[in-house]
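Please look through the sequence and the structure shown here before reading on. The text after them goes from part to part.

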Amino acid sequence: MTAPFTLPPGSEATAPPERRGLARDGVTLLAARPGAVTTHRFRELPDLLAPGDVVVVNTSPTVPARLDAVRGDGTVTPVHVATTLDDGSWVVEVRRPDNTGPDLGAEPGSVLLLPGSVQLRLVAPFPVPGSRLWRAGTDPAVAAAAHLARYGTPIRYGYLARAVPLAALQNVYATPVDPRELGSAEMASAGRPFTDRLLVRLVARGIAVLPLVLHTGVSSPELHEPPAPERFAVPAATARIVTGARAAGGRVVAVGTTVTRALESATGEDGVTRPASGWTDLVLGADRPARVVDGLVTGLHAPEASHLQLLAAVAGVDLVDEAYRTAVGAHLLWHEFGDSMLFLP
């Protein structure tokens, strides 16, 4: 368990850095190593790594996963579409009308009217009773990806000053997926500060940049719950190069908690990463530390967020606590458009 901390006023990034006069890779990067926490610009990341290290990124694209739905009483409320299941069911979070959190009073059988005259019927909590997410069906049956592409808007939480376009929520290496897959409901935001030029500099320094896919669900930042099951795929080439790099003494640096979850889901107790795909419900923590990830690029997570336990599983509690004390003292910015950390334990 990491030590609690309090965000001072003005700590939330309310808009993309471009609106603050910064390039994507111009945000602050706090590098945390045992015995030293240093401050850089994100574009300096290649200089903080070594030839032979590998950087693993999540190429899942962000989709416009919010729909405005009408309840039976005529109230308009946001619905966040987290993913779709193998049988075509939707997994959704019904929000309060003012979007201040999930509607924890939703009940099975409730029907909401989506744009396009589609009815959404809540079937059962997902993945277990009491969850804030719901497995749902539509009438008529429609594919979530196509419906969101036509009617959806990006998910937006209250700390943002105003809506941002979907392009501002895409990482530069985001790659289109099979139309039967949904993509990510929320941006895998640890990768947002990367630019094409930065990727080239990494490769030129002898640092391989490797892809995988994990389609992120919805975080519901008000509740700080562990992530629900998510769909992922670790390609054979990525698994092979990761395992080879570790054997040669290189570090495996995951860009974000999503990459960490996918890589660790594909890594056995023997420390070997193998090709893998499907659903993962892995949650790293004190009882399941990281086996393959030994470096992590991440955004700054809110106090009490479950992601902090994953950071500690990779970097150790003491280093995470020291980095966050430094970040608070330096008045860094939180959330998807804020500053970054690099853990090299």
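This is a predicted model: local features need pLDDT of at least 70, side-chain atom pairs count only at pLDDT 80 or more; totals for chains, interfaces and linings use all residues.

Residues are numbered from 1 along each chain as its sequence is written, and side-chain values use heavy atoms, with hydrogens and water left out.

Helices and strands are named here by their order from the N terminus; they are DSSP runs, H or I of at least four residues for helices and E of at least two for strands. Start with helix α6 (residues 307-315) and helix α7 (residues 317-329), whose axes come within 7 Å and cross at roughly 120 degrees. The axes are lines fitted to C-alpha atoms over the stretch in contact, and angles run from 0 to 180 degrees between N-to-C directions. On the α6 side, the contact is made by L308, L311, A312 and A315, and on the α7 side by V317, L319, V320 and Y324. Contact means heavy atoms within 4.5 Å.

Next comes the matter of cover. A residue is called buried under 20% relative accessible area, exposed over 50%, and partly exposed in between, with a 1.4 Å probe and protein chains only. Helix α5 (residues 257-265) is mostly covered, as 8 of its 9 residues are buried. The buried residues of α5 are T257, T258, V259, T260, R261, A262, L263 and E264. In helix α4, where T238 is placed, this threonine is buried because its relative accessible area is 2%. Leaving aside residues up to four places away in sequence, T238 touches V56, L210 and P211.

T59 sits in the loop between β3 (54-58) and β4 (66-70). With a relative accessible area of 12%, T59 is buried. Its contacts, again not counting residues up to four places away in sequence, are Y173, A174, T175, P211, L212 and V213. The C-alpha atom of T59 is separated by 7.7 Å from that of N171, although the two residues are 112 apart along the chain.

The charged residues form another part of the picture. Side chains of opposite charge can pair when their charged atoms come close. A salt bridge is counted when a side-chain nitrogen of Lys or Arg is within 4 Å of a carboxyl oxygen of Asp or Glu. By this rule there are 14 salt bridges. One of them joins the side chains of R231 and D86, at 3.1 Å from N to O. This pair links distant parts of the chain, with R231 in strand β11 (residues 230-234) and D86 in the loop between β5 (76-84) and β6 (90-94), 145 residues apart. D86 is exposed, since its relative accessible area is 62%.

R246 and D294 also meet in a salt bridge, at 3.9 Å from N to O. Here R246 belongs to helix α4 (residues 236-247) and D294 to the loop between β13 (276-280) and β14 (295-299), 48 residues apart. R246 is partly exposed at 33%, and D294 is partly exposed at 23%. In another salt bridge, between E93 and R95, the closest N and O atoms are 3.2 Å apart. E93 is buried with a relative accessible area of 0%, and R95 is buried, also at 0%. E18, R24 and R192 are linked in a network of salt bridges.

Some backbone details remain. The peptide bond between F126 and P127 is cis, with omega about 0 degrees, and P127 lies in the loop between β8 (118-126) and β9 (133-139). A cis bond also runs from D139 to P140, with omega near 0 degrees; P140 is in the loop between β9 and α2 (144-151).

Where is N99 placed? N99 is in the loop between β6 and β7, and its phi is positive, about 65 degrees, although it is not a glycine. N99 counts as buried because its relative accessibility is 13%. S117, in the loop between β7 and β8, has a positive phi near 60 degrees and is likewise a residue other than glycine. At 60% relative accessibility, S117 counts as exposed.
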